[in-house]
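The exercises below are worked on one protein chain. Try each task on the model before reading its solution.

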Amino acid sequence: MFSHMACPNPTTSGVANIELASTSVVANKKFAVGSFDTPGAANNVAISGDYAYVADSSPRGLQIINVGNAALPTRSGSFDTTNDAYCVVVSGGYAFVGAGDIGLQIINVSNLSAPTLTGTFDTQNSKTYRSP
């Protein structure tokens, strides 16, 4: 049995490595099977189903990558945040993106090819950079 894991490489612009983690006989054996070069620096990644949601900066935004075929990931959609995206959590058809000085952006990702801004939350000068 295999599961998807995505790891950002914040020191190299735009590299989000897609790996498979084995839970079979060779437990905890990890090996890279594919990668996807995002437009900016991949700061954080959340996995939901067959999709990796990448918080990207310079250029900024949310990148949605189909990792159903981990050897050949493809971009399904993107959303341009108004600041660099630093962290992302996905739940119930929404991506919650921490976008630095502008706070939290709530993005409806039910249409993966055309995500839309649903709302924002002003973190009142508390910058949103990394998820725990």
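**Exercise 1. The chain as a whole**

What percentage of the 132 residues in the chain do buried residues make up?

Solution. The model is predicted, and local features need pLDDT of at least 70, side-chain atom pairs count only at pLDDT 80 or more, while totals for chains, interfaces and linings use all residues. Residues are numbered from 1 along each chain as its sequence is written, and side-chain values use heavy atoms, with hydrogens and water left out.

- Step 1. Buried means under 20% relative accessible area, exposed over 50%, and partly exposed in between (1.4 Å probe, protein chains only).
- Step 2. By that rule, buried residues make up 41% of the 132 residues.
- Step 3. The accessible surface, from the Shrake-Rupley method with a 1.4 Å probe, comes to about 6900 Å², and 52% of this belongs to carbon and sulfur atoms.
- Step 4. Strands are DSSP runs of E with at least two residues, helices runs of H or I with at least four, numbered from the N terminus. The chain has eleven strands and zero helices.

**Exercise 2. The nonpolar cores**

Find the residues with the most contacts inside the largest nonpolar core, then follow V88.

Solution. 

- Step 1. A nonpolar core is a set of buried Ala, Val, Leu, Ile, Met, Phe, Trp, Tyr and Cys residues joined through side-chain atoms within 4.5 Å.
- Step 2. The largest has 13 residues, and Y53, L62, V88, A95, V97, I107 and V109 have the most contacts inside it. At least two residues of this core come from each of β5, β6 and β9 (94-98).
- Step 3. Contact means heavy atoms within 4.5 Å. Leaving aside residues up to four places away in sequence, V88 touches N44, V45, A46, Y53, A55, L62, A95, F96 and V97.
- Step 4. A second, separate core of seven residues includes V45, A52, V54 and V67.
- Step 5. V67 lies in the loop between β6 and β7 and counts as buried because its relative accessibility is 0%.

**Exercise 3. The salt bridge**

Which side chains meet in a salt bridge, at what N to O distance?

Solution. 

- Step 1. A salt bridge is a side-chain nitrogen of Lys or Arg within 4 Å of a carboxyl oxygen of Asp or Glu. The count by this rule is one.
- Step 2. R60 and D80 form the pair, at 3.2 Å from N to O.
- Step 3. R60 sits in the loop between β5 (51-57) and β6 (61-66), and D80 in the loop between β7 (74-79) and β8, so the pair links distant parts of the chain, 20 residues apart.
- Step 4. R60 counts as partly exposed because its relative accessibility is 38%.
- Step 5. F79, in strand β7, has its C-alpha atom 8.7 Å from that of R60. At 16% relative accessibility, F79 counts as buried.
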